[in-house]
Each structure stands twice: as C-alpha cells, then as structure tokens.
Amino acid sequence: MAGVAGKQGNHVTPQALQEFLTALNEEIHERADWGEVADYIPELADVDPAQFGIAVVLAHGTVCSAGAASKGFSIQSVSKVFSLGCVLGRIGEQIWTRVGREPSGSRFDSILLLELEKGRPRNPFINAGALVVTDELLTGRTPRDALSEIIGYIRAAAGDDDIHIDKAVAQSEEKTGDRNRALANYLKSYGNLKNPADYTLGTYFHQCAIEMNCLQLANAGRCIAGLPGAPMLLSETRARRITALMLTCGHYDESGDFAFRVGLAGKSGVGGGLLMVAPDRASIAIWSPGLNETGNSRAANYAAERLAQFTGWSIF
Ligand code: DON
C-alpha cells in the first residue's frame with residue numbers, strides 16, 4: 001500500500017480516495033484473511049468467503065468504489081438501521097418504551113439480558129430489539145404491507161428500485177431460526193410482542209434477506225450520514241441518534257473495539273455487509289462474507305480501519 005496511506009482530514013480528494021480503495025482491494029486479497037461464512041443460515045454457508053467490495057459516497061455525490069462493489073449480498077442485520085428509521089417515522093420516540101438504547105455487551109442473538117430486564121431488549125440492533133421494531137411496524141398491517149414499507153424505505157434511501165428480497169435466504173433462515181423463535185416467544189411472554197410470533201418472525205426474516213450491493217447500500221446510507229442532496233427520510237436529529245446507536249451497538253459485543261480501532265459508526269450483518277457513516281462527509285458500504293468470532297465481517301472491519309486511518313475521518 002506504498003504511497004497511499006496518510007491522514008487527509010477534510011481534504012481527501014476523490015482521486016486519492018479511488019487510488020486508495022483500488023490498492024486496499026489488492027491488499028485485502030493478498031492478506032486472504034477472510035474468516036468463516038455464517039453457516040447457521042444454510043443459504044449463506046454456500047457463499048465464497050474470498051470476496052471483497054467497497055463503495056464510498058462523498059458529500060458532494062462523487063462515488064468511489066473497488067472490488068465487487070456491484071455484487072449483491074444479503075444485508076441481514078444492516079436492515080435493522082432502516083427498520084429503525086421506518087419505525088421512528090411511524091410512531092416517533094414512543095418506540096423507546098419497548099426497546100432501550102444501551103449496548104448489550106452480548107452476542108447479537110443472546111437471550112440473557114431479556115430475562116434480567118423483563119423483556120425490554122437493550123437496543124434495536126440486537127435480534128430481540130430488531131424483532132420489537134419489526135413487530136411495531138406490523139401494527140395494523142399485514143406482513144406483506146410491513147415488508148413493502150421497509151423495502152420501499154430502503155429503495156427511496158438508495159434512490160434505486162432494483163432492490164429485492166432473496167426468498168431462498170428468507171426461507172433458509174425460517175427453517176433454522178429457532179433462536180429467533182425463542183427470542184420472539186420470550187418477548188411475547190413479557191407482553192412486548194403485539195403480533196403472533198410467526199408474523200413478526202416471518203417479516204423479520206424477509207427484511208434480513210434483502211439483497212443489495214455496496215453501491216446501493218452506500219447510497220442508502222447518505223440520509224444517515226446527513227449528506228447534502230440525500231433523500232429527506234430522516235430529520236437531522238434522528239440521523240445523528242441512529243448514528244450514535246450504530247457506534248455504540250452496531251457491532252454487538254465488538255462495538256467498543258470497532259469504535260477504538262475505526263472511530264466511525266457502523267452497522268454489520270452476518271452476510272458480511274457493513275454500513276458505515278462519517279457524519280457530513282461520507283457514506284460507506286463494505287462487504288466481505290467471511291466473519292470473525294463475533295459475527296462481524298473480518299475483512300470489512302480491517303478495511304474500515306484502513307479507510308479511517310487514510311482519510312482521518314474518525315469522529316474522535
Ligand atoms: O436474525 C439473525 O440471526 C440474522 N437474520 C441477522 C443477524 C445478523 O446479521 C447479526 N449481524 N452481525
């Protein structure tokens with residue numbers, strides 16, 4: 001990576017960034033430290049881990065990308081950022097009566113704190129909290145309508161209608177989703193699930209199975225990063241609050257380490273996707289399907305750290 005790294009602060013030019021991303025893609029392939037694909041969702045277990053893509057949308061709209069930036073992947077938990085945006089638009093701050101805003105320090109699918117905290121999940125990004133958000137979006141609607149709302153929101157954010165649900169991935173998770181079923185039923189036992197558990201779970205599995213590529217995801221993140229010209233889907237205050245939750249909770253029990261190493265807010269998914277925002281500067285999507293032991297993409301996390309070093313975009 002000779003000659004490309006270096007703190008650029010506000011002054012990173014699109015050309016320097018493009019050269020950096022091209023070199024970073026080569027470095028990632030040379031390192032070949034891919035991690036393991038998620039195998040608890042059988043459809044994801046078949047994905048080749050040795051893949052990498054990155055796209056960065058800058059404040060003035062320029063897009064830089066490298067690697068497999070146009071290849072679709074399962075966004076999985078990255079969808080939780082957009083379902084939260086949807087529910088805030090729908091019922092506003094009331095959602096916080098059902099879900100908290102604190103990091104859990106536990107795995108994304110942990111049930112431990114739910115008993116201690118009487119069925120109120122710690123935050124909207126762990127599975128239990130995301131199930132509550134999706135359940136709220138189902139209020140007064142069919143699962144089909146709730147899903148249309150979520151995918152419509154993502155399409156509007158990305159400015160791209162060619163975003164769809166991979167039904168094979170949704171069905172695959174449906175078959176093996178016993179842990180999520182346990183979480184949904186546990187929430188129900190505390191009165192924190194309004195709909196039949198199967199409805200909420202079915203909607204949630206389909207929302208997680210939305211397929212996007214890095215270019216689409218980076219565009220969809222513009223409204224969270226507060227970039228000029230982004231679709232008006234979130235108020236500035238809500239965008240900043242979602243960013244705060246991405247920083248504190250977006251990588252589950254690795255959120256502290258991500259903040260320490262990268263210094264930017266990010267939300268990961270077990271499909272290997274990572275949406276990251278540099279407020280007012282850039283929206284970034286990175287994808288590499290091999291995961292580390294916390295269920296976050298190994299190569300995407302490494303790339304995020306390298307990008308933050310190069311650009312000087314850390315918020316700290
Ligand atoms: O509910 C699940 O387990 C998956 N659909 C999503 C989990 C996930 O992406 C966690 N992220 N790192």
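Author: A nitrogen atom of the ligand lies 3.1 Å from a polar backbone atom of Gly-295, a polar contact being a pair of N or O atoms within 3.5 Å. The protein buries 99% of the 340 Å² that the ligand exposes when taken alone, with areas from the Shrake-Rupley method and a 1.4 Å probe. This is a predicted model, in which local features need pLDDT of at least 70 and side-chain atom pairs pLDDT 80 or more, while totals for chains, interfaces and linings use all residues. Residues are numbered from 1 along each chain as its sequence is written, and side-chain values use heavy atoms, with hydrogens and water left out.

Reader: Which residues are closest to the ligand?

Author: A residue is near a molecule if one of its heavy atoms lies within 4 Å of it. Here 15 residues surround the ligand, and Tyr-40, Gln-76, Ser-77, Glu-173 and Tyr-204 are the closest. An N or O atom in the side chain of Tyr-40 is 2.5 Å from a ligand oxygen. For Val-270, a polar backbone atom is 2.8 Å from an oxygen atom of the ligand.

Reader: Why does the ligand lie between domain 1 and domain 2?

Author: Domain bounds come from an automatic or database domain assignment. Domain 1 (9-73 + 213-311) and domain 2 (77-208) both contribute residues to the shell, so the ligand lies between them. Their centres, taken over C-alpha atoms, are 22 Å apart.

Reader: How many residues of domain 1 are in contact with domain 2?

Author: Contact means heavy atoms within 4.5 Å. In this chain, 34 residues of domain 1 are in contact with 37 residues of domain 2.

Technical notes: Polar contact = N/O pair within 3.5 Å; in protein donor to acceptor, adjacent residues only side chain to side chain.
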